[in-house]
Each structure stands twice: as C-alpha cells, then as structure tokens.
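Hi,

Here is the structure I promised to pass on. Have a look at it first, and my notes follow below.

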Amino acid sequence: MSLLTHLLACLFGMGSWVSINGLWVELPLIVPQIPEAWYLPSYLSVIIQMANIGPLFVTLMHRFRPGTLNERAVIYVIIGLGTVATFLLGFFWKETVVVAGVARSVPLLVLTFFLAAVDCTSSVTFLPFMMRLKSQYLTTYYIGEGVSGLLPSLVALIQGAGVVHCINSTQSVNYTLNIPNGSVTSNLQAQYQPANFSTEVFFFFLSAMMLVCLGAFLLLNYHPSVAREQPNSIYTNGVKQKTKNRELVEQKPMMDPYRPENQKPRSSFGTGSYSWMEVFYIFGILAWVNALSNTVLPSVQSYSCMPYGNNAYHLSASLAALSNPLACFIAMFLPIRSLLFMGALTVIGTGVGVYIMIMAVLSPCPVLVNDTSGGVIIVLAWVLFILTLSYVKVIIGVILRDEGHSALVWCGAVVQLGSLLGAVTMFPLVSVYDYFSSGDPCNTKCS
C-alpha cells in the first residue's frame, strides 16, 4: 500500500469536522466577548442541526436521481466554502448587528451555519468518495476524522483556552445581629487566564487546515501513485461504469470476501451478505453510538467533569479526543467484523456513558467529588467511552464500504440522523429546563 495515499486519506478525513470541532474548543475565549454569552452553545447546537439540510439534499438526490449529482464537484464546493467561512470568522466573529433593538452576533451565527453545512455534508460525500480507493484506506480516513477533533483541542490547549486559576478573594459580610463592623470571609474565585495567542489566529489556523484538506483531495484525484491504488473499475458520481458498453449502474462490489462463494444473497442490500434484520441492527447501532458520542454525552461533559476540578475537565476533553484516532488505529490492525462483538462493545460503551450521565445529573456533588480517585475515574470513563464507540463506528464503516457506494451514503445519513436525535433530546434538558447544575471548579461545596 502507498504511504502517500494513507497520508492523503488521513489529511482528507481531517477536514471533515475540523471547523466545528475547533469552534467548540474555542468557546471559552469567544463567550466572554459576545452578547449571547454562555447561551451561545445552545444556539450552536440548533444551527448545526439546521445545517443537516445539506446531507438531506445529497441523500435524496442519490436516492431519486442517482448519478446526477457530481460528487467531486460537491466536495470541492464544501471544502472551499469551509475554507472561506473559517477565514472570514477570523475577521467578523465578534462583530454584532442590532436585531429588534438587541445586539446579536449575526456574522458569527451565519458563518457557523455555513461551517456546519460543510461538515454535516461531508458525512455523505467524503465517505462515499473513499470507494474510489482500496478498503484499507477507509480506516486511515477515519483516523483523519478523529484527528479533526484532536488537533484543534491540542492547539487550543497550547493557546490556553479555558485555563482557569483559582484566586483568593475577600468579601465583606455585614450582619445585623450586634456586629457593627461586620466580618470578612475568604473564598476562591475562578479567573480565566489570557490566551497565548488570539482567537483570530486560531480561526486562521482552522482555515489553513481546510486548505490542507483541499490539497489532499486534489492529490487523491490526480496523483499517479494514488491512481494505482484505485480499483480497476471506473467510478463516476457514485456509480460504477462498465468499461465495455459504458452502461451506468449503481456501484456494488462483485464479490464479498467475507461471504462463502456459493452462498445466496440474504437480502437486496449491497452484496446481500446481511439479512434485512442484520442491516437494521447495524444502522440502529450506528445511529445510537453517534447520538451518544456526538451530541448526548458531549452536551453534559462540563457537568460531569467540572465538579472534580478544571484539570479533570481538560484531561477528559484532551484524552477523549486522542481516543478517537487511537480507536481507528486499533481497527486498522484488528478489524473484527463480528456483529455480536460490535453489540458487546456498544453495551460496554453505553454502560460507561450511563455512569458519565449519572455524574452529570448529580453535579455539582457527584460521587467521590472530594477524592482524587473521583477525577481519575471520570477521565478514564471518558476515554473508555470514546474508545469503544469510535471503534464500533469504524468497523461499521468498513462493513458498509464492502456493501457499496450506496451503503456509505446511507451510513453518512444515519450518522447525521443519530446526531440530530441526540441534539433534539438534550437541548431542552440542558438549555430550556436547566436540568443540570454546573460545578464551580474552585468552590465545590458538598455536605
């Protein structure tokens, strides 16, 4: 296999979610300077789900007008749009517009919508494009997708985004019961530290990463060594073209190496390797793990970790981001396709997710809140949660890749559907009904 092709596939996958991931990790520096303050995350959640109009359009076009939509052209457009939008954010992220007499961060919200449309649409275009390469490169693509979350987190860590120091302060408290001079009490206040470099520079960095993704995509299309890694068939706009009569048909692999040669197709899905019950099982797990790992648990990460201290929160975020590409790397060497094993890993990851959710519900006084072991356990829980479910997502991607181009399109659509359902479920709980209470990293008081 070509190491260059592996590198390009990784860089290509990195551009899939790097913009939105970068925006999330930069929130501690953005929020204090905009009128929406900490209501911004809930607005972003809604905007990101509205942007699912992009993948919906692509999926419907694929379903009802297969071959009409130029897949490469769509990818060029969304990468270009993502590059321009992140670049413009560097100039306009804190600009406001008066709407109904109230100042609003309209440029930030509008540009975020375009970024979200780019990243959501990448789920139903980047993955199917990888059908042009051998199946081994799909796992490398997933590593790049994991890096799209890890790299912005590391840069934000270097930047110092969200770093809190606990500062001693004194307060004068007046009493009415025969204490004329009052008394002085001492407590700790959380104080955010200034960043090592500006938010503008961070957004320009994200724009550069999108340019790297664009360069990788160009080379995947035109570099000679990459062309040698492509299957012999000619692929155009998500369909396979026969070299003799040029008749266009939906792309499906001619044979499945994981199915006995004489076995009859068990369904009309892909190669027929799986029954319809197994197909629904695979897509059900795919929707479930993406709902948990993309929206449900991330929406309560601060609630589950902050009571244990700022260090626990930053370690959980950084190591969880590292767990994603690590799971993809493991899947490259141990691609276990057993549906039973996949279900077992999903149960384990869900169980760990339940523990994390319980700690978030108990915030600001979760289990072992005043013990070092509590922080260690919550960090390990986040690592194990992301590690197991990321492995499941990669294996499902590998399985569906062997079922054909159409299967990968539906894979991307189900990923977005699961994320949407998770966001719709969590938004009212977190932002409307205030079901969760945040812990103070400096003053956790529990009886």
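Contact here means heavy atoms within 4.5 Å, and pLDDT is the predictor's confidence in each residue, from 0 to 100.

This is a predicted model, so to speak of local features I needed pLDDT of at least 70, and side-chain atom pairs count only at pLDDT 80 or more, while totals for chains, interfaces and linings use all residues. Residues are numbered from 1 along each chain as its sequence is written, and side-chain values use heavy atoms, with hydrogens and water left out.

The protein averages a pLDDT of 81, and 82% of the residues score at least 70. Over residues 172-185 the value is below 50, and that stretch has twelve contacts in the model beyond near neighbours in sequence. Where pLDDT is low, the predicted coordinates should not be read in detail.

Now the overall picture. The protein has 17 helices and seven strands, taken as DSSP runs numbered from the N terminus (helices are H or I, at least four residues; strands are E, at least two). Of its 447 residues, 51% count as buried; buried means under 20% relative accessible area, exposed over 50%, and partly exposed in between (1.4 Å probe, protein chains only). Among contacts between residues at least 6 apart in sequence, 79% join residues at least 24 apart.

Helix α7 (residues 106-122) is mostly covered, with twelve of its 17 residues buried. Among them are P107, L108, L111 and C120.

Helix α15 (residues 339-362) reaches 34 Å from its first C-alpha to its last, close to the 34 Å expected for its 24 residues. At its start, a side-chain oxygen of S338 comes within 3.3 Å of the backbone nitrogen of L340.

The loop between α15 and α16 (372-401) holds P364, which is joined to S363 by a cis peptide bond with omega of about 10°. L368 lies in that loop too, with a positive phi of about 60° although it is not a glycine. L368 is partly exposed, at 36% relative accessible area. A100 also has a positive phi, about 55°, and is not a glycine either; its place is the loop between β1 (97-99) and β2 (102-104), and it is exposed at 79%. For context, most residues other than glycine have a negative phi, and most peptide bonds are trans.

Last, the rings. Phe, Tyr and Trp (its six-membered ring) pair if their centres lie within 6.5 Å, with planes under 30 degrees apart stacked, over 60 edge-to-face and the rest tilted. By this rule the count comes to 18 aromatic pairs. One of them is F329 with F333, edge-to-face at 5.2 Å centre to centre and 70° between the planes. Both lie in helix α14 (residues 310-333), four residues apart, about one turn of the helix. F329 counts as partly exposed at 45% relative accessibility, and F333 as exposed at 57%. Elsewhere, ring pairs link F12, Y76, F126, F129, Y141, Y142 and F217 into a cluster.

Cheers

Terms used: Expected span 1.5 Å × (residues − 1). Polar contact = N/O pair within 3.5 Å; in protein donor to acceptor, adjacent residues only side chain to side chain.
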